[in-house]
Amino acid sequence: MPLLELKQLSVTQAGKVLWQDLSFSLEAGERLGISAPSGTGKTTLGRVLAQWQAPSSGQILFNQQPLTMKGYCPIQLVPQHPDKCFNPFRSTGDSVRDAWSPDNSWLEKLRIKPEWLTRRPNELSGGELARIALLRALDPRTQILIADEVTAQLDAQIQAEIWKVLIDESQRRPLSFIIFSHNKALLEKVSTKVWWVDQEKSSSIFSNLNVSIR
């Protein structure tokens with residue numbers, strides 16, 4: 001039974017049709033990579049799946065049921081620009097604790113310095129904020145994490161370390177991922193399958209062998 005199903009989903013924004021009659025499914029623990037040109041609507045699709053905005057038509061089913069608007073959403077989005085998902089007037093630590101209270105082992109795994117959590121978003125770099133946004137989204141109640149270019153601002157070594165943590169967590173829970181990235185090598189490395197989308201939305205899905213990040 002799929003964890004997530006999209007049925008004939010359409011998304012229109014500012015008068016432009018971004019997605020039309022989109023259907024796919026995601027299993028528990030599966031990591032779907034999506035590569036598409038800029039302007040295709042990847043970020044908007046992520047927002048729709050995480051209930052940040054409504055689709056124009058179609059259905060999003062989670063465990064075969066429509067997502068409820070009440071309580072914690074089990075589909076969490078870490079956006080490409082993480083500053084947009086933090087209250088600029090509060091510390092990042094307060095924002096994390098609104099969701100859950102991770103212990104220090106999580107800070108170590110995600111290479112987060114404790115003092116970052118005492119600062120406001122504008123006092124941190126994009127890469128630092130991205131890791132804190134990931135920390136918040138890894139709330140134990142999360143079952144699907146949408147990662148939109150989430151490690152693009154990190155150097156190669158830290159990027160590899162973060163993805164190893166995420167893949168380990170994906171296999172442990174299990175936790176499913178939808179990964180948006182222009183980095184095709186990264187998608188082939190961390191995804192269980194990749195969807196290559198061209199500008200006209202003509203696409204194909206194929207399975208990849210997993211390659212462990214060391």
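Author: Two strands are said to pair if DSSP finds at least two bridges between them; strands are DSSP runs of E with at least two residues and helices are runs of H or I with at least four, numbered from the N terminus. This is a predicted model, in which local features need pLDDT of at least 70, side-chain atom pairs count only at pLDDT 80 or more, and totals for chains, interfaces and linings use all residues. Residues are numbered from 1 along each chain as its sequence is written, and side-chain values use heavy atoms, with hydrogens and water left out.

Reader: What makes strand 6 and strand 7 a pair, and in which sense do they run?

Author: Four bridges join strand 6 (residues 75-78) to strand 7, and since pairing asks for at least two bridges, the two strands qualify as a parallel pair.

Reader: Why is strand 7 called largely enclosed?

Author: A residue is buried when its relative accessible area is under 20%, exposed when it is over 50%, and partly exposed in between (1.4 Å probe, protein chains only). Five of the five residues of strand 7 are buried, and therefore the strand is largely enclosed by the rest of the structure. Ile144, Ile146 and Asp148 point one way, Leu145 and Ala147 point the other way, and all are buried. In a regular strand the side chains alternate between the two faces of the sheet.

Reader: What makes the unit of strand 7, helix 5 and strand 8 right-handed?

Author: With the strands pointing away from the viewer, a right-handed crossover has a path that runs clockwise from the first strand over the helix to the second. The β-α-β unit made by strand 7, helix 5 and strand 8 is right-handed.

Reader: Which strands pair with strand 3, and how do you know that its two faces are covered?

Author: Strand 3 is joined to strand 8 (residues 176-180) by four bridges, in parallel, with glycine 33 opposite isoleucine 179. Another four bridges join strand 3 to strand 9 (residues 193-197), also in parallel, where isoleucine 34 has tryptophan 195 as its bridge partner. As for its faces, Arg31, Gly33 and Ser35 on one side and Leu32 and Ile34 on the other are all buried.

Reader: Why does threonine 151 count as buried, and what does it touch?

Author: Threonine 151 lies in the loop between strand 7 (144-148) and helix 5 (156-172), and because its relative accessibility is 2%, it counts as buried. Contact means heavy atoms within 4.5 Å; leaving out residues up to four places away in sequence, threonine 151 touches Gln159, Ile162, Trp163 and Leu186.

Reader: What makes the link between threonine 151 and tryptophan 163 a polar contact?

Author: The term requires a pair of N or O atoms within 3.5 Å; within protein, one must be able to donate a hydrogen and the other to accept it, and residues adjacent in sequence count only if both atoms are side-chain atoms. The two side chains make such a contact at 3.0 Å.

Reader: What is the strand order in the antiparallel sheet, and which strands are its edges?

Author: This open sheet of four strands has the order 2-1-4-5, and strand 2 (16-26) and strand 5 (65-66) are the edges, as each pairs on one side only. Strand 1 (residues 4-13) and strand 4 (residues 57-62) pair in the antiparallel sense over five bridges.
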